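Take a moment to look over the chain from end to end. Then follow this short tour.

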Amino acid sequence: MQLDASGNYNLTQDDKDTIVNGSAGDFLSFSFSPESFTCTDIPSVDIVVTISEVCTGLSEDKIATITVEDNETPIISCIADDTRDTDTGVCTYAVIGTEFDATFTDNCTSGIISNDLNGSTTIANEVLPL
């Protein structure tokens, strides 16, 4: 199941029919729990499918494992090119806080950005040459 731009997915009737392999009829009813998924369910979630016999009221639970995917493209923001002055006689610049760190927005916020300079999520305190 593919999460939407808000990071959610709700089972459709077609999904339910696929899960029970078209077994629905006049004498069987099905319920599904859960029926909705979010980013926390990646990569998969177990759904309890309760199969009830309409005439007798007998029921049985079965487990269906559903693959949950996030294929929404994140939006990465980088600062514009900029220039920093060094102090007189100093040929380096120490990065202050997160001033040059990239950020991102996504429907699932569990991702991270790392940089090529030091391989971490920030270049805070890195010393840049002139």
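In which loop does threonine 109 lie? Threonine 109 sits between strand 8 (103-105) and strand 9 (127-129). The model is predicted, so read every value here as computed from a prediction. Is threonine 109 buried or exposed? Its relative accessible area is 69%. That is over 50%, so threonine 109 counts as exposed.

Step back to the whole chain. It has one helix and nine strands. Read from the N terminus, the order is β-α-β-β-β-β-β-β-β-β. The C-alpha trace spans about 90 × 20 × 15 Å along its principal axes. The radius of gyration is 26 Å. A compact globule of 130 residues would have a value near 14 Å. How much of the chain is buried? Of the 130 residues, 19% count as buried. The accessible surface comes to about 9000 Å². Carbon and sulfur atoms hold 51% of that surface. Contacts tell another part of the story. Take those with a separation of 6 or more: residues 24 or more positions apart account for 50% of them.

Which strands form it, and in what order? Three strands make an open sheet, in the order 2-4-5, and the pairing is antiparallel. Strand 2 and strand 5 are the edges. Each has a single partner strand, so one side of each is left without a neighbour in the sheet. Neighbouring strands are turned against each other by 25° on average, direction ignored.

Now take the pairings one at a time. Strand 2 covers residues 28-33, and strand 4 covers residues 44-53. These two strands pair in the antiparallel sense over six bridges. Strand 5 covers residues 59-67. It pairs with strand 4, also in the antiparallel sense, over nine bridges. Strand 4 and strand 5 form a hairpin, with five residues between them. Glycine 57 lies in the turn and has a positive phi of about 80°.

Threonine 50 belongs to strand 4, and serine 31 stands opposite it. In strand 5, the bridge partner of threonine 50 is aspartate 61.

Turn now to the aromatic rings. How many aromatic pairs are there? The count comes to one. The partners are tyrosine 9 and phenylalanine 37, and the pair is stacked. Their ring centres are 6.3 Å apart, with 15° between the planes. The pair links distant parts of the chain. Tyrosine 9 is in strand 1 (residues 8-10), while phenylalanine 37 is in strand 3 (residues 36-38). They are 28 residues apart. Tyrosine 9 has a relative accessible area of 17%. That falls under 20%, so tyrosine 9 counts as buried. Phenylalanine 37 is buried too, at 1% relative accessibility.

Finish at leucine 3. Where is it? Leucine 3 lies in the segment before strand 1. It is buried, with 1% relative accessibility. What does leucine 3 contact, leaving aside its neighbours within four places in sequence? Its contacts include both Tyr9 and Phe37. Among the others are Cys39, Ile42, Val68, Asn107 and Cys108. Asparagine 107 is 104 residues away from leucine 3 in sequence. In space, the two are 8.5 Å apart, C-alpha to C-alpha.

Technical notes. Residues numbered from 1 in each chain as written. Predicted model: local features only at pLDDT ≥ 70, side-chain atom pairs only at ≥ 80, totals over all residues. Heavy atoms only, no water. Pairing = 2+ DSSP bridges. Helix = DSSP H or I, 4+ residues; strand = E, 2+ residues; numbered from the N terminus. Axes fitted to C-alpha atoms, helices over the stretch in contact; angles between N-to-C directions. Phe/Tyr/Trp six-rings, centres within 6.5 Å; stacked < 30°, edge-to-face > 60°. Buried < 20%, exposed > 50% of the residue type's maximum accessible area, 1.4 Å probe, protein only. Rg over C-alpha atoms; globule rule 2.2 N^0.38 Å. Contact = heavy atoms within 4.5 Å. Areas by Shrake-Rupley, 256 points an atom, 1.4 Å probe, with all protein chains shown as cover.
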